[in-house]
Amino acid sequence: MAYPSQLGFQDASSPIMEELLYFHDHALMIVFLISSLVLYVILAMLSTKLMHTNTMDAQVIETIWTILPAVILVLIALPSLRILYMMDEINNPTITVKTLGHQWYWSYEYTDYEDLMFDSYMIPSEELKPGDLRLLEVDNRVVLPMELTIRMLISSEDVLHSWAMPSLGLKTDAIPGRLNQATLSSTRPGLFYGQCSEICGSNHSFMPIILEMVPLKIFESWSSSMV
Amino acid sequence: MLDINLQKPPKGKWPTPPFDPRFPNQNQTRNCYQNFLDYHRCLKTMNRRGKSTQPCEYYFRVYHSLCPISWVQRWNEQIRDGTFAGKI
């Protein structure tokens, strides 16, 4: 989950998010290298009284600074495409969960076996217990089995919403009349927090998502107790 | 430490709709709708021929897993009222 004065991403809890973290480090390193080179060149040019007023051509450096950016872009594109295709890999999920966005709460449906459905409203700040997180706690969490591939189908019953889970690298728009699929898998048990990520009215900031990833046995006993 | 086979649901039960290569992308709307149509068409055909509708159960399980409950309720109401837009 997010913490105060956070600068980077949340810790990765899914294989795709781990890959995204590495890719981000790689791309950001390239950005820092280029920026520091440019900054150095600017400072060097500004801090000298020497001038060269009759430059006619500079073939070698022009060639270098044409070819090198192309090479750098390829070095960024290849890992990026690798992750893009990795996200689209065909996997056979073990369970399907539907989530529907409403103004202003999420509802969840587990209909593979019996029909289990419930709404998930944010807990208002006045009703928080000590230790609870402001604007992030909900009354009913989405309990899911960890380490299994889960198919999430995301839609909306009214306006556009977006179902986001940063630590799992997921963000999928909830569009009325459309069913969007996302593949979810968590490497760890625990609580994972997300928030609605598409402006949807006055309480857009107040419809969070909590995933509770638990071992399969606990998930099975939870779902039988909820039906 | 964690046996992956213990993590999977017991065999023989309906797990969840498998990957359908007809709908490989993110937009699964048609997957849900097509299985709903196929179930009702299958029912209609089997009933017309006087055969058991057991093979239609596959389509039922798929659309029941994939389609939001409100969509299914709306379509079933439309079928009852005769205003369903799909060809069954």
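Predicted model: local features only at pLDDT ≥ 70, side-chain atom pairs only at ≥ 80, totals over all residues.
1. Strand 8 of chain A gives the largest share of the pocket's lining, four residues. Strand 8 covers residues 180-184, and it is one of several elements that each supply at least two lining residues; the others are helix 1 (15-46), helix 2 (59-87), strand 5 (150-156) and strand 7 (170-174) of chain A.

2. How big is the largest pocket? Its volume is about 860 Å³. The lining counts 33 residues, and those nearest the centre are A:Met87, A:Asp88, A:Glu89, A:Ala182 and A:Thr183. Sorted by class, the lining holds 16 nonpolar, 12 polar and five charged residues.

3. Now, where does the largest pocket sit? It lies between domain 1 (15-49 + 56-88) and domain 2 (95-226) of chain A, because both domains give residues to the lining.

4. Next, have a look at two spans that come from a database record. UniProt, in an unreviewed entry, places "transmembrane region" at residues 27-46 and 67-87 of chain A. In the model, residues 27-46 of chain A are 100% helix and 0% strand, with end C-alpha atoms 29 Å apart. Residues 67-87 of chain A are also 100% helix and 0% strand, and here the end C-alpha atoms lie 31 Å apart.

5. Finally, find the open sheet of three strands in chain A, which has the order 4-10-9 and mixed pairing. Strand 4 (142-145) and strand 9 (190-195) of chain A are its edges, each pairing on one side only. On average, neighbouring strands of this sheet are turned by 25° against each other, direction ignored. Strand 4 and strand 10 (residues 208-214) of chain A pair in the parallel sense over four bridges. To see a bridge for yourself, look at A:Leu144, whose partner in strand 10 of chain A is A:Met213.

Definitions and conventions:
Residues numbered from 1 in each chain as written. Chains lettered and ligands numbered in written order. Heavy atoms only, no water. UniProt positions renumbered as here; feature names shortened; annotations may be inferred. 1 Å grid on protein atoms, 1.4 Å probe; cavity = no way out; pocket = protein on both sides within 12 Å on 5 of 7 lines; lining within 4 Å. Points joined across faces, edges and corners; volume = space filled by probe spheres on them. Nonpolar A, V, L, I, M, F, W, Y, C, P; charged D, E, K, R; others polar. Domains from an automatic or database assignment. Pairing = 2+ DSSP bridges. Axes fitted to C-alpha atoms, helices over the stretch in contact; angles between N-to-C directions.
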